Amino acid sequence: MMKPVALLTALTLAAPAAAQQSFAAPEGCEAKLTVQHKSCVLINVWTCEADDPGDQWIALISQQGVFSVQRVDSEFQWLESYKVTGNEQLITPADDPASLTELFANQVDTWDFTLETEGGTERNVGFDTLTGETTIIDGEELLNTEYSGRTVDQDGVELDVGSGRQFVSEKHRLFFFGEAWQDATPDQIIDMSPVEFIYPDEPGFFSDQPKYECNEIDASYQP
């Protein structure tokens, strides 16, 4: 339950001046995982002592630098996000909270939650479902999922309607990008699937530079 289409759009808006030469977890936090994805994106994951148990922070990084940092809980609810397109915060309690526990137990999880954004509220409604298939990527066992969702603003205007296939890890309690498309243009598929899972003391851990398909992204986007 991540939104690759919206995030890939956001990364093209990140100014080159925002790029950084190194990346480190904040003080009082522990770096956990780096994942290199297709479409010139990587993520760094860390946890912090001051947060609730199970909370994780995820930084999404393009060639231009960090374009989104978000905190999720153990159920993968989007608690708060800091993006180049504006900050967001979950309005609690959600009408139908996202729940990994529900997904793993019943193979499907519906969700209906609202985010407070700088432009007003945005309601997200949809579902994730397990396909029953498992994929091994770089030695990591991932469950295959399918999803569909829509985002509407406070006036009921549709902002995004999309579907896709993703991966979810029971080990990490995290979703990872896969293939995504807008329902209006299902033939225009964005593939942001993971390629490498990198742990502490391994080369490339907590890198600040994505390395897969970056030239293709530069060539295909004309901001």
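Which residues touch the most other members of the largest nonpolar core? Of the 34 residues in that core, I58, F76, V168 and F176 hold this position. A nonpolar core is here a set of buried Ala, Val, Leu, Ile, Met, Phe, Trp, Tyr and Cys residues joined through side-chain atoms within 4.5 Å. Strand β11 (residues 174-182) contributes the largest share of the core, 4 residues. Another core, of 10 residues, lies apart from it and includes F23, W57, V66 and V69. In soluble globular proteins, nonpolar side chains tend to be buried together.

## Basis of the description

This is a predicted model, in which local features need pLDDT of at least 70 and side-chain atom pairs count only at pLDDT 80 or more, while totals for chains, interfaces and linings use all residues. Residues are numbered from 1 along each chain as its sequence is written, and side-chain values use heavy atoms, with hydrogens and water left out.

The predictor's confidence in each residue, pLDDT, runs from 0 to 100. Its mean for the protein is 90, and 87% of the residues reach 70 or more. Two segments call for caution. Over residues 7-21 pLDDT stays under 50, and the model has 34 contacts beyond four places in sequence for them. Over residues 217-223 pLDDT also stays under 50, with 6 such contacts. A contact means heavy atoms within 4.5 Å. Where pLDDT is low, the predicted coordinates should not be read in detail.

## Overall architecture

The protein has 3 helices and 13 strands; these are DSSP runs numbered from the N terminus, with helices (H or I) of at least four residues and strands (E) of at least two. Of its 223 residues, 49% are buried. Buried means under 20% relative accessible area, exposed over 50%, and partly exposed in between (1.4 Å probe, protein chains only). The protein exposes about 10700 Å², of which carbon and sulfur atoms supply 48%; accessible areas come from the Shrake-Rupley method with a 1.4 Å probe, and for residues only the protein chains shown count as cover. Among contacts between residues at least 6 apart in sequence, 48% join residues at least 24 apart.

## Disulfides

The structure holds 2 disulfides, each defined as a pair of cysteine sulfur atoms within 2.5 Å. With bonded cysteines counted along the chain, they follow the pattern 1-3, 2-4.

| Disulfide | Sulfur separation |
|---|---|
| C29 and C48 | 2.0 Å |
| C40 and C214 | 2.2 Å |

The link of C29 and C48 is right-handed, with 100 degrees about the S-S bond. Because C29 lies in strand β1 (residues 29-37) and C48 in strand β2 (residues 41-48), the pair ties together parts that are 19 residues apart in sequence. C29 is partly exposed at a relative accessible area of 21%, whereas C48 is buried at 16%.

The torsion about the S-S bond of C40 and C214 is about 90 degrees, so this disulfide is right-handed. C40 lies in the loop between β1 and β2 and C214 in helix α3 (residues 214-220), so the pair ties together parts that are 174 residues apart in sequence. Both C40 and C214 are buried.

## Hairpins and backbone details

Strands β4 (residues 65-72) and β5 (residues 78-83) pair in the antiparallel sense over 5 bridges; pairing requires that DSSP finds at least two bridges between the strands. R71 has E80 in β5 as its bridge partner. The hairpin of β4 and β5 has 5 residues between the strands. Within that loop lies F76, a residue other than glycine with a positive phi near 65 degrees. F76 is buried, with a relative accessible area of 1%.

β5 also pairs in the antiparallel sense with strand β6 (residues 88-90), over 2 bridges, and E88 in β6 is the bridge partner of S81. The hairpin of β5 and β6 has 4 residues between the strands, and G86 in the turn has a positive phi of about 125 degrees.

In the loop between β6 and α2 (100-106) is P93. The peptide bond from T92 to P93 is cis, with omega near -5 degrees. Q107, in the loop between α2 and β7 (108-117), has a positive phi of about 70 degrees although it is not a glycine. At 41% relative accessibility, Q107 is partly exposed.

## Surroundings of G149

G149 lies in strand β9 (residues 140-153) and is buried, with a relative accessible area of 13%. Leaving aside neighbours within four places in sequence, G149 is in contact with W111, V125, G126, D160, V161 and G162. The C-alpha atoms of G149 and S163, 14 residues apart along the chain, are separated by 6.4 Å.
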